[in-house]
Structures are given as structure tokens and as C-alpha cells.
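Open your viewer and keep the selection tool ready. This tour goes stop by stop, with something to pick at each one.

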Amino acid sequence: INACVIELGGRKLLLSIIRDITERKRAEEELQKSRQRAQHYLDIAGVMLILLDAQGRVQMVNRKGCEMLGYSEADILGKNWFDNYLPEPEREKIRRVFNQIIGGNLASAEYYENEILTASGDVLTVAWHNSLLLDECGKINGALSSGEDITERKKAEEKIKEQLDYL
């Protein structure tokens with residue numbers, strides 16, 4: 001309901017407009033439920049899921065990503081991925097890989113391994129699967145990546161290699 005007082009012929013009148021928004025409210029509630037379901041699906045994934053916009057800012061991260069990084073979702077969203085969650089020596093190299101992805105050259109980085117930096121200062125090795133995000137016109141506007149912590153596997157592989165080299 002919208003209402004206002006108007007003056008007409010020296011008389012004050014109340015002008016009101018009433019509009020039925022029941023369908024709009026239902027659609028908004030359904031959209032909210034759909035978003036909650038999607039977030040639930042993302043949160044039960046056993047890997048980090050992260051969405052970066054074309055500038056490398058974090059637009060979405062799931063629960064596993066927050067756990068791996070050691071930050072809350074609020075501390076991650078909107079931050080530049082490269083400046084905040086990668087070890088200093090790796091930043092520019094990984095930024096170049098990301099720019100290739102955003103430039104449409106996904107083939108070179110559809111699968112990629114690199115280190116990330118946690119809130120506690122630990123460094124984890126993560127195996128990434130990357131995909132492009134397109135807007136309604138088909139223009140690339142970001143990347144969605146799933147990352148699996150392979151730190152322990154890499155350490156085990158290195159130990160095996162050292163033992164084989166010793167033989």
C-alpha cells in the first residue's frame with residue numbers, strides 16, 4: 001500500500017494505491033529456498049569450492065574452503081584471492097595462470113596444483129579443477145574452482161621418491 005495526502009479544490013484527500021504482491025512474495029521465498037539448497041549442496045562438498053570474479057576477488061566460498069583456509073566466510077568474501085591466500089613467492093605465477101583462464105585459455109589450467117596460505121600460516125598444496133563462468137551474453141566474468149588438499153599425498157610421494165633414490 002502506498003498513500004499520500006493531496007489537496008484538491010481546497011479539500012485534503014488521501015490518495016492510495018493498493019497492489020497485490022502475493023505472487024512476487026512467493027517468488028522471492030522460492031528464490032531464497034533455492035539459494036539455501038544450493039548453498040547446502042556447496043557446503044556438503046568434501047572439497048573447497050571458490051568463485052572468483054574477473055579481478056580475482058572471492059565471490060563465493062563453501063564451508064570446506066573456510067575450514068581449509070581457517071577463516072570465516074565473512075573474512076574471505078570480497079578479498080583478493082592472490083594477495084590474501086597465496087604464499088608470496090607463488091602470487092604472480094598463479095595470477096598469470098588465472099589471467100589465462102579469464103582470457104579463455106582454460107585448457108592450460110583446467111587442472112592445476114599450487115600452494116595456498118592458511119590463517120595459521122600453514123601452506124597447503126591444493127589440486128584445482130577450474131571452469132569458466134559466463135554472463136548471459138557469453139562473456140567470461142569469473143572462474144569456479146574446486147580444490148582438494150593434497151598436501152599429505154605430496155609428502156608421501158616425496159618420501160617414496162627419496163627412498164627409491166636411496167636404493
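How many salt bridges does a search of the whole structure find? The search finds 13. Keep in mind that this is a predicted model.

**Stop 1**

Select Glu-23 and Arg-26. Their side chains form a salt bridge, with N and O 2.5 Å apart. Both residues sit in helix α1, which covers residues 22–44. They are 3 residues apart, about one turn of the helix. Now colour by accessibility. Glu-23 is exposed, at 55% relative accessibility. Arg-26 is partly exposed, with a relative accessible area of 46%.

**Stop 2: a pair across two helices**

Select Arg-95 and Asp-83. The closest N and O atoms of this salt bridge are 2.8 Å apart. Arg-95 belongs to helix α5 (residues 91–102) and Asp-83 to helix α4 (residues 81–85), so the pair ties together parts that are 12 residues apart in sequence. Asp-83 is partly exposed, and its relative accessible area is 40%.

**Stop 3: a buried arginine and its partner**

Go to Arg-91 and Glu-88. Their side chains meet in a salt bridge, 2.7 Å from N to O. Is Arg-91 buried or exposed? Arg-91 counts as buried, because its relative accessibility is 18% and the cut-off for buried is under 20%. Glu-88, at 55%, counts as exposed.

**Stop 4: a network**

Select four residues together: Glu-113, Arg-153, Lys-154 and Glu-157. A network of salt bridges links them.

**Stop 5**

Next, pick Cys-66 and Cys-137. Cys-66 is buried, at 13% relative accessibility. Cys-137 is exposed, with a relative accessible area of 72%. How many disulfides does the structure hold? The count is 0.

**Stop 6: along strand β7**

Show strand β7, residues 140–149.

Gly-142 is buried, at 1% relative accessibility. Which residues does Gly-142 contact, leaving aside its neighbours within four places in sequence? The contacts are Leu-52, Asp-53, Ala-54, Ile-102, Ser-131, Leu-132 and Leu-133. Gly-142 and Gln-59 are 83 residues apart in sequence. In space, their C-alpha atoms are 9.3 Å apart.

Move on to Ser-145, also placed in strand β7. At 8% relative accessibility, Ser-145 is buried. Show its side chain and that of Asn-130. The two side chains make a polar contact of 2.5 Å. Asn-130 is also among the contacts of Ser-145 beyond four places in sequence.

Glu-148 is partly exposed, with a relative accessible area of 44%. Not counting residues up to four places away in sequence, Glu-148 touches Val-47, Thr-125, Val-126 and Ala-127. How far apart are Glu-148 and Met-68 in space, C-alpha to C-alpha? The distance is 9.4 Å, while 80 residues separate them in sequence.

Key: Residues numbered from 1 in each chain as written. Predicted model: local features only at pLDDT ≥ 70, side-chain atom pairs only at ≥ 80, totals over all residues. Heavy atoms only, no water. Helix = DSSP H or I, 4+ residues; strand = E, 2+ residues; numbered from the N terminus. Buried < 20%, exposed > 50% of the residue type's maximum accessible area, 1.4 Å probe, protein only. Contact = heavy atoms within 4.5 Å. Disulfide = S-S within 2.5 Å. Polar contact = N/O pair within 3.5 Å; in protein donor to acceptor, adjacent residues only side chain to side chain.
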